[in-house]
Amino acid sequence: MSEEARQRQVVVRRADRPGDLGWVVMAHGELYAEQFGFSTAFEALVAKVVGDYAAKHSPVTEAAWIAEVDGERAGCVFLVAADRPGVAKLRVLLVAPAARGLGLGTRLVEGALAFAREVGYRSVTLWTTDNLVSARRIYERFGFTLAAEEPCRDFGPDLTGQTWDLDLG
């Protein structure tokens, strides 16, 4: 843990407080527009993911987490069931710029994968875009492997959509 992380209060908790889900949508919309030029179509996708989670998630097999730094929301990740039995999806990983370098992304993914193993998922899949280099490094560190790539023009800039998979066996 870095000296800076030791001096700051870092907490990872379930996303179960009023405002948590709205923050996830807002933070993604604002940050991805500012940093990558994404359109509101991306914010709409995140809103759908979050809305589906809010409306019908199973608390036994699905969960969402918020990372806080000094009492302020600074990151998030969701783990939800995929369409195939035994497979989970890692969704909407984000760490705010002011909180980067504190290991929040790693802690969020580590917690989500521990939960996935605990509740009996056999594998985890995720979809991302090729420009999210820091996130990709985290996924690779945990053993995710690139399964598929295809052009993605849904959010403004020309990107490559990527599917990554992890066998929990």
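Guide: Let's start with Arg 13, which lies in strand β1, spanning residues 10–14. Please keep in mind that this is a predicted model.

Visitor: Why is Arg 13 called buried?

Guide: Its relative accessibility is 10%. Buried means under 20%, so Arg 13 counts as buried.

Visitor: What makes the pairing of the Arg 13 and Asp 20 side chains a polar contact?

Guide: The distance between these two side chains is 2.7 Å. The cut-off for a pair of N or O atoms is within 3.5 Å, with one able to donate a hydrogen and the other to accept it, so the pair qualifies. The side chain of Arg 13 also makes a polar contact with the side chain of Glu 68, at 3.0 Å.

Visitor: Which residues is Arg 13 in contact with, leaving aside neighbours within four places in sequence?

Guide: Asp 20 and Glu 68 are included, together with Ala 64, Trp 65, Ile 66 and Arg 73.

Visitor: Val 11 is found in strand β1 too. Why is Val 11 called partly exposed?

Guide: The relative accessible area of Val 11 is 29%. Beyond four places in sequence, Val 11 touches Ile 66, Ala 67 and Glu 68.

Key: Residues are numbered from 1 along each chain as its sequence is written. This is a predicted model: local features need pLDDT of at least 70, side-chain atom pairs count only at pLDDT 80 or more; totals for chains, interfaces and linings use all residues. Side-chain values use heavy atoms; hydrogens and water are left out. Helices (H or I, at least four residues) and strands (E, at least two) are DSSP runs, numbered from the N terminus. Buried means under 20% relative accessible area, exposed over 50%, partly exposed in between (1.4 Å probe, protein chains only). Contact means heavy atoms within 4.5 Å.
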